[in-house]
Amino acid sequence: MASNHGLKEEEADNPSSPTNVYKDPDDGRQRFLLELEFVQCLANPTYIHYLAQNRYLEDEAFIGYLKYLQYWQRPEYIKFIMYPHCLFFLELLQNSNFRNAMAHPGNKELAHRQQFYFWKNYRNNRLKHILPRPLPEPAALPPPVTAPPQAAVPAPTSAPNMAASPAAPALSPIQYGIPPGPGLPKNDMKGAGIDRRKRKHERSMT
């Protein structure tokens, strides 16, 4: 009994003894839920911005805690994650440049905007690689152009004999109201001179 009592006193003096390991009263269930909740909060760029502005991301103990939380990337734990973006940001938080950049409001808005575009287009982009692409349809050919039907021309029974046909007779001047003979009357110059002399002699007598 004395030896057992002395062993207990030695364990109390040495807390790092293997037999003095801390055990959760509920077998770690409460810690599991708290760490799961905190990890999934990292999916929100606004929350990361809050941590950076309050200098949590400059604390070495907090940076060590972020490294410890990387166990959520293992298959036996990742199945409990509902917001997978938290693991992406958890990986980025291991980089000091990203931790410092997230303290700026513009970088917070940029991360939030890129996250929104991912949610908006991921499904359609994913389906393009999963669903089989249909074969391109052949281009429709235009309908053939048909000429309108033409009336049948009857073939001549015999070729016209131009040499055998008589020449057309010349038109008669009677058809145009012109008397036969010369077309214009002749002027009798001699008779016209006699008539002028007679009229002049009659005027002198009066």
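This is a short tour of a predicted model, one selection at a time.

**Stop 1: two helices**

Select residues 29–41, which form helix α2, and residues 60–68, which form helix α4. Their axes come within 12 Å and cross at roughly 100 degrees. Angles from 65 to 115 degrees count as roughly perpendicular, so that is how α2 and α4 are described. Which residues make the contact? From α2, show Arg31, Glu35 and Phe38. From α4, show Phe62, Tyr65, Leu66 and Tyr68.

**Stop 2: Gln40**

Stay in helix α2 and pick Gln40. Is Gln40 buried or exposed? Its relative accessibility is 15%, and under 20% counts as buried. Zoom in on Tyr83. Its backbone nitrogen lies 3.2 Å from a polar atom of the Gln40 side chain. Gln40 and Leu87 are 47 residues apart along the chain, yet their C-alpha atoms are separated by 7.9 Å.

**Stop 3: Arg55**

Move to the loop between α3 (45–53) and α4, and select Arg55. Look at its backbone: phi is positive, about 65 degrees, although Arg55 is not a glycine. Arg55 counts as exposed, at 56% relative accessibility. Next, show Glu58. Glu58 and Arg55 form a salt bridge, with the closest N and O atoms 3.1 Å apart. Glu58 is partly exposed, at 47%.

**Stop 4: more charged pairs**

Side chains of opposite charge can pair when their charged atoms come close. How many salt bridges does the model have? The count is three.

Select Arg74 and Glu76 for another, at 3.1 Å from N to O. Arg74 is partly exposed at 41%, and Glu76 is partly exposed at 38%.

Then select Lys108 and Glu109. Their closest N and O atoms are 2.8 Å apart. Lys108 counts as buried, at 14% relative accessibility. Glu109 is partly exposed, at 39%.

**Stop 5: Arg99**

Finish in helix α7, residues 96–101, and select Arg99. Arg99 is buried but has no salt bridge. Where is the nearest side chain of opposite charge? It belongs to Glu60, 6.4 Å away. A salt bridge needs the atoms within 4 Å. Now follow the Arg99 side chain to Leu93: it reaches the backbone oxygen there at 2.7 Å. To complete the view, show other residues that Arg99 touches, including Ala52, Leu57, Ile63 and Gln94.

How values were computed:
Residues are numbered from 1 along each chain as its sequence is written. This is a predicted model: local features need pLDDT of at least 70, side-chain atom pairs count only at pLDDT 80 or more; totals for chains, interfaces and linings use all residues. Side-chain values use heavy atoms; hydrogens and water are left out. Helices (H or I, at least four residues) and strands (E, at least two) are DSSP runs, numbered from the N terminus. Buried means under 20% relative accessible area, exposed over 50%, partly exposed in between (1.4 Å probe, protein chains only). Lys and Arg count as positive and Asp and Glu as negative; His and the chain ends are not counted. A polar contact is a pair of N or O atoms within 3.5 Å; within protein, one must be able to donate a hydrogen and the other to accept it, and residues adjacent in sequence count only if both atoms are side-chain atoms. Contact means heavy atoms within 4.5 Å. Axes are lines fitted to C-alpha atoms, for helices over the stretch in contact, and angles run from 0 to 180 degrees between N-to-C directions. Angles under 35 degrees count as roughly parallel, over 145 as roughly antiparallel, 65 to 115 as roughly perpendicular and the rest as oblique. Lists of a residue's contacts leave out its neighbours within four places in sequence.
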